[in-house]
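Trainee: I would like to learn how to read strand pairing and core packing in a model of this kind. Could we work through them step by step?

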Amino acid sequence: MNPVRYELVFSDDTGSAQDVAIVERTSSKGPGGHPVYADPTGIIRAEISDRDEVRILASGGHQDPAQRVLARRLTPTDSQDPSGPSSKAARPDAPRPSDRGV
């Protein structure tokens with residue numbers, strides 16, 4: 001089953017600059033037969049496969065769809081956390097349970 005929401009991470013050619021958009025599942029299917037997700041404005045539209053492969057869809061004329069996009073599934077707990085899903089990401093310097101004797 002496909003999740004209801006994704007976080008799309010757009011990177012520049014160098015991978016250094018990133019923009020993030022939250023998209024929700026719509027009732028539409030894309031050209032590949034996978035669900036289409038859109039941001040609240042409807043400007044960002046993406047077909048996302050069950051393997052999290054992203055195809056950005058043009059929502060209007062004169063658009064150049066982004067090529068470097070990563071889709072990250074959002075869980076219901078991510079949606080309720082006001083600090084966002086990145087706050088739940090494991091930090092390399094954070095102690096692991098085995099380091100704390102747990």
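Mentor: Gladly, and keep in mind throughout that this is a predicted model.

Trainee: How many bridges join strand 2 to strand 3?

Mentor: Strand 2, residues 18–29, runs antiparallel to strand 3, and three bridges join them. Their hairpin leaves five residues between the strands, and within this hairpin glycine 33 takes a positive phi near 85°.

Trainee: What should I look for on the other pairing, between strand 3 and strand 4?

Mentor: Here too the strands run antiparallel, with three bridges joining strand 3 to strand 4, residues 45–48, and valine 36 stands opposite glutamate 47 of strand 4. In this hairpin, which has six residues between the strands, glycine 42 takes a positive phi near 80°.

Trainee: Which way do the residues of strand 3 point, and are they buried or exposed?

Mentor: Along strand 3, residues 35–38, Pro35 and Tyr37 point one way while Val36 and Ala38 point the other way, yet all of them are buried.

Trainee: Why look for nonpolar side chains together?

Mentor: In soluble globular proteins, nonpolar side chains tend to be buried together. In this model the largest nonpolar core has 10 residues, among them Tyr37, Phe10, Val23 and Ile48. Strand 1 (5–11), strand 2 and strand 4 are the elements that give two or more residues to this core, and strand 1 gives the most, with three residues.

Terms used
Residues numbered from 1 in each chain as written. Predicted model: local features only at pLDDT ≥ 70, side-chain atom pairs only at ≥ 80, totals over all residues. Heavy atoms only, no water. Buried < 20%, exposed > 50% of the residue type's maximum accessible area, 1.4 Å probe, protein only. Helix = DSSP H or I, 4+ residues; strand = E, 2+ residues; numbered from the N terminus. Pairing = 2+ DSSP bridges. Core = buried A, V, L, I, M, F, W, Y, C linked by side-chain atoms within 4.5 Å.
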